[in-house]
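Good morning. Please look at the chain on the screen while I go through its charged residues.

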Amino acid sequence: MWAASCLASCCASCACNACTTAVSGISRRSARIAYCGLFSLSLIVAWVLREVAAPLLEKIPWINHFHETPSKEWFETDAVLRVSLGNFLFFTTLAVLMIGVKNQRDPRDSIHHGGWMMKMISWCLVVVFMFFLPNEAISLYEKSSKFGSGLFLLIQVVLLLDFVHRWSDTWVGYDEKFWYIALFVISLVCYVGAFAFSGLLFHWFTPSGEDCGLNTFFIIMSLIFAFVFAIVALHPAVNGSILPASVVSLYCMYLCYTGLASEPRDYECNGLHKHSKAVSTSTLSFGLLTTVLSVVYSAVRAGSSTTLLSPPSSPRAGGEKPLLPLDKSDGEEKEFKPVSYSYSFFHLIFSLASMYSAMLLTGWTTSVGGSGKPVDVGWPSVWVRIITGWATAALYIWSLVAPIMFPDREF
């Protein structure tokens, strides 16, 4: 007993020292990546609790106060939503706290970049406190998460378009034959992949002998988008690049696949019903991966953003008037250095991503994975993905034609 106590004390001491060393090593430049790490940790915690917390939640009286104990899936959903709510409140609090931060002299700038030990403790306390809330509060958050997830998907699309446009502009800017060939090859691969993918979708989701007009419509719309993207991008008036068009085409086809794969397993047009667990698990894993990558990209991109995350006071936001007189001392100029991105919007992305990841882990609360049961399955999930694909197409077309329709405005 004494040995076990000593071992536990040593482990706790080592863990505490490790955490202290880790958080003390977080600098101003690495703070954004640290937030991404904290968000990734929340996903892992939610995923683990979804698998193991159901028996424990059944014994908590203010959670399981029903006359008849709900199914295991209900408690799995509840665990994920409570962790997600804690994560949402943590980042939302930071987002509200950081409203109006314009320069590094603001005391809140140090809160954004420092105090990591206190942040970790606060995050843990907030998540734990969520398990003391009544079920009504969790139900309200569940309904709100559907709207927050839709908003995050739109931001995710904007980030994708920003990424592919910058990728294309960078390679074209090299003005060398090698980069032009590389751009053409990748564009060709993406288009071939999109069309080949569409053939698989017809094979999987339009089985012969079944009336699958809706699935056929979804697939044909994705193909039409691919052709329209290429025609508009290569139009002389637009003078666009084929690379963004090909990447967005492949992404829209992937969204079509995830939507069709989310159809109920008893739906006769879902040809993947025999492999429901494998498909749903891979879809969930890819969905979480794209969520993390979107958040990481937004965090890294924030430091050099010109519009998306830049506050009005930042030079990157397009302001031409100097913020400080030229005769100020170097110390004062450094002290009043403007922030390079909006801290508030930065944390808002994490808040919305928390909602979206909860919807992924709970299948938009239509069913929850466990004991071989499918996750992320149901008609709400289908329509969310299909509409996201259509929104992606609309935003991409708008990004091409808007400069022509409004030449006096900067996009």
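A patch here is made of residues with over 30% relative accessible area and no salt bridge, where like charges are joined within 9 Å and nonpolar side chains (Val, Leu, Ile, Met, Phe, Trp, Tyr) within 5 Å. Lys and Arg count as positive, Asp and Glu as negative, while His and the chain ends are not counted. Glu210, Asp211, Asp266 and Glu268 form such a patch of negative charge on the surface.

This is a predicted model, in which local features need pLDDT of at least 70, side-chain atom pairs count only at pLDDT 80 or more, and totals for chains, interfaces and linings use all residues. Residues are numbered from 1 along each chain as its sequence is written, and side-chain values use heavy atoms, leaving out hydrogens and water.

Aspartate 211 sits in the loop between α8 (177-205) and α9 (213-233); helices are DSSP runs of H or I, at least four residues, numbered from the N terminus. Is aspartate 211 buried or exposed? Aspartate 211 is exposed, at 70% relative accessible area. Buried means under 20%, exposed over 50%, and partly exposed in between, with a 1.4 Å probe and protein chains only.

Now the salt bridges, each a side-chain nitrogen of Lys or Arg within 4 Å of a carboxyl oxygen of Asp or Glu. The whole structure has four. One of them joins arginine 50 and glutamate 51, with the closest N and O atoms 2.6 Å apart. Arginine 50 is buried at 4%, whereas glutamate 51 is partly exposed at 37%.

Definitions and conventions
Areas by Shrake-Rupley, 256 points an atom, 1.4 Å probe, with all protein chains shown as cover. Charge placed at Lys NZ, Arg CZ, Asp CG, Glu CD. Helix = DSSP H or I, 4+ residues; strand = E, 2+ residues; numbered from the N terminus.
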